[in-house]
Amino acid sequence: MRFGVVIFPGSNCEQDVIRATKYLGYDSEYIWHGDTDLSGFDAIVLPGGFSYGDYIRTGAVARFSPVMSEVVRFAEKGGPVLGICNGFQILTEAHLLPGALLRNRGLKFICKSTSLRVESDACQWLDAPVGSVLSIPINHNEGNYYCDTETLARLDANGQVVLRYCEPDGSRASDGSAPNGSLDDIAGICNERGNVFGLMPHPERVVEPITGGTDGQAFFTSVVAKLAEIAG
Amino acid sequence: MARYEIYVTYKAGIFDPPGATAERALVNLGYEGVHEVKIGKFIRIEADADLATVSEMCEKLLANPVIEDYRIETVEEG
C-alpha cells in the first residue's frame, strides 16, 4: 500500500500527510507536480497549502500542473484521490468534484478545531458510522463551499455529502454551524463513485495523539481497507 | 496586437464577502443610500489573439464559470 503525496509550488502540508501515513504504517512518497508517472501508487493525496500563491483563484493554476492530467486519469480509472484544503480547491477547479470554494463569510482566515458529522458511507475515504461526530481542525481563508441548487440536490440524493460542520453534540445550529459560511454546512464531498474525496478540514493533523486527537486516522485506514477489499 | 479589458464578477445570487463588507462600511460611514456593493476583478490583456480565443482564456483560467460571469471589452482591434 503506497500513498503518493503531490507537491505543488506553494504546498505546505505535504510533510504532515507523509508523516501521518507513515505513522499508521503505510508507505508514502512525494510526487513532484511536474511528474507524469503515477505508477506504483495506490492512492493519491493533494495536500493543503497555497499552490501558486492562490493567484487568480485558489487551485486555478495548480489544476493545469502536468501531474493533474494523470491524477484525472487515475481518478477516472477508480483510483482513490483525496484533496485536503487547497487539495479540495484544486479538485473542484479540475472538475473532479462539483462546486467551488469561496472566500470565508466574514473575510477571516480561520484556524481552529471543528466538529464534523459523518453524513454518508458512500465514500471510500471514510468508513465511520453515519451520525458520528469527529473533531478535526480547519485552517483556511477560502473554505466557503458553494454549488447551485440542482447540484446540492444531486449531492444529497447520492450521499455525496460526506461531512457537515456541526455543534459538538452533533446537532446543527439553526443559523448554520459552518464557521466559514459553507452552503448547508458542507465540509467535505465525494464524487458519485466515492473514490474522489475533498474536504476543508485537515485529518492528517489529528493522526498522532500528541497533536490533540486521532479522529483523522479513519480516513487513511478506511481507504487502505477499501483497497484491500477490492483486491480481494 | 489587440487589447482587451475583462471584468470578472460573481454570478447573481452568490454571496460576495468583500462586497458585503464594503457595503456595510460605506453605510457605517454615513452613505445611507448605498444598497449593494459587488467587488470583482479587472484584467487587461494585450495579445495576438481574437475575441474567441480570449473567451476561451476566460472559460479555462481567468474566470470560474461555476461561480463567475465575465465580460470582455475589445479596447483596440488587432
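This is a predicted model: local features need pLDDT of at least 70, side-chain atom pairs count only at pLDDT 80 or more; totals for chains, interfaces and linings use all residues.
Asn191(A) counts as buried, because 20 C-beta neighbours are found inside 10 Å. When neighbours within four places in sequence are set aside, the contacts of Asn191(A) are with Leu96(A), Leu97(A), Gln160(A) and Val196(A). Gly159(A), which stands 32 residues from Asn191(A) along the chain, has its C-alpha atom 9.5 Å from that of Asn191(A).

Chain B contains two helices and three strands, and these elements follow one another along the sequence in the pattern β-α-β-α-β. The radius of gyration of chain B is 16 Å, whereas the globule rule gives 12 Å for 78 residues, so chain B is more spread out than a compact globule. Taken along the principal axes, the box filled by the C-alpha atoms of chain B is roughly 45 × 25 × 15 Å. Of the 78 residues in chain B, 14% are buried, and among the contacts of this chain between residues at least 6 apart in sequence, 67% join residues at least 24 apart.

Between the two chains, 10 residues of chain B are in contact with 13 residues of chain A. On the side of chain B that touches chain A, α1 (17-28) and α2 (51-62) of chain B each supply at least two residues, and the largest share, three residues, comes from α1(B). By class, this side of chain B comprises eight nonpolar and two polar residues, with no charged residues.

Technical notes. Residues are numbered from 1 along each chain as its sequence is written. Chains are lettered from A and ligands numbered from 1 in the order in which they are written. A residue is buried if 20 or more other C-beta atoms lie within 10 Å of its own, exposed if 12 or fewer, and partly exposed in between; C-beta atoms are placed from the backbone. Two residues are in contact if their C-beta atoms, placed from the backbone, lie within 7 Å. Helices (H or I, at least four residues) and strands (E, at least two) are DSSP runs, numbered from the N terminus. Ala, Val, Leu, Ile, Met, Phe, Trp, Tyr, Cys and Pro count as nonpolar, Asp, Glu, Lys and Arg as charged, and the others, Gly among them, as polar. The radius of gyration is taken over C-alpha atoms; the globule rule is 2.2 Å times the number of residues to the power 0.38.
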